[in-house]
Amino acid sequence: VAIWRDRAVVKHILIGLAIAVAAQAQTKIVIAHRGASGYVPEHTLEAYAMAHAMGADYIEPDVVLTKDKVFICLHDIHLEMTTDVEQVFPDRKRDDGKWYAADFMLAEIKQLHAHERLKNRFPQDKSSFQGPTFAEMIEIVQGLNKTTGREAGIYPELKEPQWHRENGLPMEEAFIELVKGYGNTSETSKIFVQCFEAEPLKRMRNELGSTLPQIQLLGSGKEFAPMLTKEGLAEIAKYANGIGPDKGSVDKDPYLVKRAHDAGLKVHPYTLRKDSLPSKYSSFDNELNQFYNVYGVDGLFTDFPDLTVAFVNGKK
């Protein structure tokens with residue numbers, strides 16, 4: 001009887017462990033980096049729609065402001081890397097030789113065509129794309145949520161808020177009002193607000209009273225090193241819900257994930273790409289496994305959401 005009782009106890013423990021593992025697996029999220037940017041030009045409605053269709057849990061737009069204070073989706077504060085601004089407005093560059101989105105009205109931005117940033121991806125001279133406003137991005141995600149019955153969240157990054165503030169375009173309050181208008185009002189909203197700069201996140205949390213989930217982005221530069229320590233992470237936890245470290249930082253220091261978790265922070269590293277695989281990994285699945293299952297991150301950014309969703313769901 002004792003043997004069978006022990007077996008029953010062991011079985012109960014194993015079932016409990018299986019449930020715990022399954023629950024943990026279900027919390028792993030896939031963040032479509034600039035949409036399905038491995039397949040179509042980044043930060044276009046096509047890229048966002050494709051990421052939704054591929055099953056991404058969250059879709060990332062980077063946001064900057066135009067001269068007339070409209071949020072648009074653009075990876076950089078400059079336009080020339082992903083648009084034909086040099087041809088359409090050849091005389092509008094600043095003295096540093098760059099075309100700044102903040103110098104253009106939205107109507108002018110809408111005259112531009114977007115193109116692929118990387119030469120090894122979508123042909124740069126094929127098809128016609130346009131960069132959307134942030135409102136248009138939200139609307140296509142929410143529209144697809146309704147028509148498909150599958151809810152994807154948004155994961156916007158505020159690009160260089162301090163630079164915008166210095167140029168007369170403060171971002172934080174206007175951003176909060178915009179996302180609130182689309183139903184993102186509390187800590188339970190399916191949104192993460194991310195930024196490399198700490199002060200804007202602190203301002204939104206402490207001065208503007210935002211309870212939206214926030215992520216402190218962390219680069220690989222020396223200036224971010226103090227934030228990776230136990231003390232630095234504890235400070236981040238006062239105004240953010242997680243960190244978004246460069247994936248190289250996690251590769252070099254896997255214990256960063258545990259330190260962050262001990263501070264109550266989620267960990268969402270960036271960016272895993274099938275077509276830019278570090279030499280230490282034999283395949284994209286190998287890299288995904290290392291981050292999700294060995295390092296134990298809570299989610300990650302990827303240009304290839306379909307492959308990442310398949311891996312998380314155990315379909316590969």
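A residue counts as buried when under 20% of its relative area is accessible. The views below come from a predicted model.

**View 1. Glu157 is a buried residue of strand β6.** Strand β6 covers residues 157-158 and contains Glu157. The relative accessibility of Glu157 is 5%, and therefore this residue counts as buried. The side chain of Glu157 forms a polar contact, at 3.2 Å, with the side chain of Lys159. Beyond four places in sequence, Glu157 is in contact with Glu60, Pro61, Asp62 and Val63, and also with Gln194, Cys195, Phe196 and Leu217.

**View 2. Four strands form an open sheet with parallel pairing.** The order of the strands is β5-β2-β1-β11. At the edges lie β5 (153-154) and β11 (299-302), each of which pairs on one side only. In general, strands of a sheet pair through backbone hydrogen bonds, either parallel or antiparallel. Here β2 (residues 58-59) joins β5 in the parallel sense over 2 bridges, and Ile59 has Ile154 of β5 as its bridge partner. Strands β1 and β11 are likewise parallel, with 4 bridges between them.

**View 3. The residues of strand β11 are buried and point in two directions.** Gly299 and Phe301 point one way from β11, while Leu300 and Thr302 point the other way; all are buried. Opposite Phe301 of β11 stands Ile31.

**View 4. Helix α13 lies across strands β1 and β11.** The helix covers residues 305-312 and runs at about 180 degrees to β1 (29-32). Because 6 of its 8 residues are buried, α13 is largely enclosed by the rest of the structure. These buried residues are Pro305, Leu307, Thr308, Val309, Ala310 and Phe311. After α13 comes Gly314, which has a positive phi near 70 degrees.

View 5. Which residues beyond four places in sequence are in contact with Ile59? They are Ala32, Gly35, Tyr48, Ala51, His52, Met137, Val141, Ala152, Gly153, Ile154 and Tyr155.

**View 6. Trp163 is a buried residue of helix α6.** Helix α6 spans residues 161-166 and includes Trp163. Is Trp163 buried or exposed? With a relative accessibility of 17%, Trp163 counts as buried, because the cut-off is under 20%. Setting aside neighbours within four places in sequence, Trp163 is in contact with Ile77, Arg94, Tyr100 and Ala102. Ser282 lies 119 residues from Trp163 along the chain, and the C-alpha atoms of the two residues are separated by 40 Å.

**View 7. Confidence in the model is under 50 over residues 9-26.** In this stretch pLDDT stays under 50, and the model has 1 contact beyond four places in sequence for these residues. For the protein chain, the mean pLDDT is 92, and 91% of the residues reach 70 or more.

Key. Residues are numbered from 1 along each chain as its sequence is written. This is a predicted model: local features need pLDDT of at least 70, side-chain atom pairs count only at pLDDT 80 or more; totals for chains, interfaces and linings use all residues. Side-chain values use heavy atoms; hydrogens and water are left out. Two strands pair if DSSP finds at least two bridges between them. Contact means heavy atoms within 4.5 Å. Axes are lines fitted to C-alpha atoms, for helices over the stretch in contact, and angles run from 0 to 180 degrees between N-to-C directions. Buried means under 20% relative accessible area, exposed over 50%, partly exposed in between (1.4 Å probe, protein chains only). A polar contact is a pair of N or O atoms within 3.5 Å; within protein, one must be able to donate a hydrogen and the other to accept it, and residues adjacent in sequence count only if both atoms are side-chain atoms. pLDDT is the predictor's confidence in each residue, from 0 to 100.
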